[in-house]
Amino acid sequence: MTNTSIIIVGAGQAGYQVAASLRQEGFEGAITLVGDEPGVPYQRPPLSKAYLLGKVGVEALRFRPPEYFDEHRITRIQSSVSHIHRERRELVLTSGETLTYDHLVLATGARNRVPTVPGIELNGVFGLRSLADADGLSQRLGRAQRAVVIGAGFIGLEFAAVAAARGISVDVLELGTRPMARAVSTITSRVFDQAHASWGVRIHYGQSLAAIEGVDGHVTGVQLANGEALPADLVVYGIGVLPNAELASEAGLAIHNGIAVDAQLLTSDPAISAIGDVVSFPSPWSPQPIRLESVQNAVDQAKALAGRLMGKPTVSYAALPWFWTDQGELKLQIAGLADGHDETVVLGSEAQRQISVLCFRAGRLVAVESCNRPADHMAARKLIARHTPLSAVEASTAGFDLKTYEVATRETS
Ligand code: FAD
């Protein structure tokens, strides 16, 4: 592998990790990390949490200090890649410069879906994906009094909790009937709905945005589809993301809800792999190929890919998905995928907002949503990953404890 050149497009969570893991695995060839964002690769989760609250600075976001990349011979290029010439194994940067690869890794991530309404271009309207977004938002937060958040998903609600904690009046518009509906059970939604209400956040369900209004280029409020108006000096949207798959698509790679890869994370071209938010992949945890937007997925796929590129025995990528979100004093951790669950068992106390919701599908434990119960989350990850049998009846027994059950079944499963 000494003379091999690996180029990674996208210097986010997955791109950084595959470069670092390749070096850790002993890869000696050239590694080039091409990313279009300025500065040292950084993690996004704190952008909507501790960073926005001013609890951590920019250094804490960096995966590694700048000198790490030189010391590990990882060449960083700040540029956008505009084309892939697969037949020549060549990349074209927006500057016109070309780079050739032996193996290419696409880790181009995702970008915010932007609401298509009048006024979206006004000053004071933000998406939240990058450090630049967070810095702009942070400046504005200092003088904001009324914020409207579009979308009650993870990012929208994390921002709502931060803004409420900073004394800003917050309204959230949500098209659906409950918060984080795409990702969690109705019970967990209820806990977060009540928590946000207790922090003074008003979530308006079944409401959509018709227009954002402004004066002299600055936002002054939003107009709802039902004709109601809400004043605002800050609007933040969090209505999901779109995979950055255009580069791959133009190069003729198979696309299906992102870049389609196989269980080895290979695209339809054997010289090109893809990982992270941008890929849809077959998973033993889902009946259909899935695209996940999480740190766990980006990191685990990057590590699995580095192993394959180093010639480790090829195994299908099968890591159990897990996620987290921090909102106010609530930490929600989710192990597994709850889609299509038909039975739930609740452990803990909903009144104290310390619960774990065990989600069963066809008699099998498929996911556990733990709110302020980290020990349950760790146990759940092990139990689900091991396919340890557990029935809803057993979990409903008085005194049942997930961690104790995990330890007790370690030998047998
Ligand atoms: P990204 O980190 O998005 O990196 C992709 C990079 O590629 C970007 O820098 C992009 O600009 C660059 N790029 C794209 N196209 C090109 C091109 N043509 N040329 C060059 N560069 C290109 N996940 C969790 O699990 N828990 C959380 O609490 C959590 N909180 C989050 C909070 C926020 C505010 C955000 C935005 C995300 C959060 N996530 C969280 C999601 C997590 O950060 C992502 O899943 C993760 O960053 C995905 O990594 P990635 O490398 O696939 O994509």
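Predicted model: local features only at pLDDT ≥ 70, side-chain atom pairs only at ≥ 80, totals over all residues.
1. Start with the parallel sheet. Five strands make up this open sheet, in the order β3-β2-β1-β7-β19. The edges belong to β3 (74-78) and β19 (272-274); each has a single partner strand, so one side of each is left without a neighbour in the sheet. From one strand to the next, the twist averages 20°.

2. Strand β7 covers residues 103-106 and pairs with β19 in the parallel sense, over three bridges.

3. Helix α1 (residues 13-24) lies across β1 (5-9), β2 (30-35), β3 and β7, and runs at about 170° to β2. Helix α7, residues 295-309, lies across β1, β7 and β19, and its angle to β7 is about 175°.

4. Now the ligand. There are 30 residues around the ligand, and D36, E37, K49, R129 and D277 come nearest. Sorted by class, that shell holds eleven nonpolar, twelve polar and seven charged residues. The elements α1, β2 and α7 each supply at least two residues of the shell, and these three also turn up in the sheet-and-helix picture above: α1 runs at about 170° to β2, while α7 lies across β1, β7 and β19.

5. With V81, a polar backbone atom is 2.9 Å from a ligand nitrogen atom. V295 also uses its backbone: an N or O atom there lies 3.0 Å from an oxygen atom of the ligand. As for cover, the ligand taken alone exposes 1,000 Å², and the protein buries 93% of that.

6. The other sheet is antiparallel. This one is also open and has five strands, ordered β21-β22-β25-β24-β23. Its edge strands, β21 (322-327) and β23 (343-349), each pair on one side only. Neighbouring strands here are turned by 15° against each other on average, direction ignored.

7. Strand β24 (residues 354-361) pairs with strand β25 (residues 364-371) in the antiparallel sense, over seven bridges.

Notes: Residues numbered from 1 in each chain as written. Heavy atoms only, no water. Pairing = 2+ DSSP bridges. Helix = DSSP H or I, 4+ residues; strand = E, 2+ residues; numbered from the N terminus. Axes fitted to C-alpha atoms, helices over the stretch in contact; angles between N-to-C directions. Contact = heavy atoms within 4.5 Å. Near = heavy atom within 4 Å. Polar contact = N/O pair within 3.5 Å; in protein donor to acceptor, adjacent residues only side chain to side chain. Areas by Shrake-Rupley, 256 points an atom, 1.4 Å probe, with all protein chains shown as cover. Nonpolar A, V, L, I, M, F, W, Y, C, P; charged D, E, K, R; others polar.
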